[in-house]
Amino acid sequence: RGVEVPVSYVNGEEGSVAVLYVEGRLMTLPIAISASGSRYAWPSDGSGYVWWTKGDAATLYWHDGETDAEAVLYAECKLQE
């Protein structure tokens, strides 16, 4: 769809975070447990964004805290140089 999702990664003493600009808002997502790739999500049982990278692609999800389901918002995000 031609949508750009600007993202920066910050590594600090407390761990890594992904900082994304999504839907007019700046979001800071701490790294989370993942079986494969790097997953960044707000550490709560509530609803929120999930940014999952694997290789040279990423997917942005919306996590529904009530149902624990994740809906894809943007798939196959690729690095722009």
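User: Which residues is S16 in contact with, leaving aside its neighbours within four places in sequence?
Analyst: S16 is in contact with V10, N11, L29, P30, I31 and Y40, neighbours within four places in sequence left aside. Contact means heavy atoms within 4.5 Å. One caveat: this is a predicted model, where local features need pLDDT of at least 70, side-chain atom pairs count only at pLDDT 80 or more, and totals for chains, interfaces and linings use all residues. Residues are numbered from 1 along each chain as its sequence is written, and side-chain values use heavy atoms, with hydrogens and water left out.

User: Where is S16, and is it buried or exposed?
Analyst: S16 lies in strand β2. It is buried, at a relative accessible area of 17%. Buried means under 20% relative accessible area, exposed means over 50%, and partly exposed is in between (1.4 Å probe, protein chains only). Strands (E, at least two residues) and helices (H or I, at least four) are DSSP runs, numbered from the N terminus.

User: What joins the side chains of S16 and N11?
Analyst: A polar contact of 2.6 Å. A polar contact is a pair of N or O atoms within 3.5 Å; within protein, one must be able to donate a hydrogen and the other to accept it, and residues adjacent in sequence count only if both atoms are side-chain atoms.

User: Now P30. Where does that one sit?
Analyst: P30 is in strand β3. It is partly exposed, with a relative accessible area of 23%.

User: What does P30 touch, beyond four places in sequence?
Analyst: S16, V17, R39, Y40, A41, W42 and P43. P30 and G15 are 15 residues apart in sequence, and 7.4 Å apart in space, C-alpha to C-alpha.

User: And G15 itself?
Analyst: G15 is in strand β2. At 33% relative accessibility, it counts as partly exposed.

User: R39 came up. Is it buried or exposed?
Analyst: R39 is buried, at 16% relative accessibility. It is found in strand β4, residues 38–41.

User: Which side chain makes a polar contact with that of R39?
Analyst: The side chain of E70, at 2.7 Å. E70 is also among the residues R39 touches beyond four places in sequence.

User: What about H63? Which residues does it touch?
Analyst: Not counting residues up to four places away in sequence, H63 touches G46, S47, G48, V50, D68, A69 and E70. The side chain of H63 makes a polar contact with the side chain of D68, at 3.2 Å. H63 is buried, with a relative accessible area of 12%. It is found in strand β6, residues 57–64.

User: Zoom out. How many helices and strands?
Analyst: The protein chain has 0 helices and 7 strands. The pattern along the sequence is β-β-β-β-β-β-β. The radius of gyration is 12 Å, close to the 12 Å that the globule rule gives for 81 residues, so the chain is as compact as a globular protein of that length. That radius is taken over C-alpha atoms; the rule is 2.2 Å times the number of residues to the power 0.38.

User: What box do the C-alpha atoms fill?
Analyst: Roughly 35 × 35 × 25 Å, taken along the principal axes.

User: How much of the chain is buried?
Analyst: Buried residues make up 28% of the 81 residues.

User: And what share of contacts joins residues at least 24 apart?
Analyst: 13%, among contacts between residues at least 6 apart in sequence.
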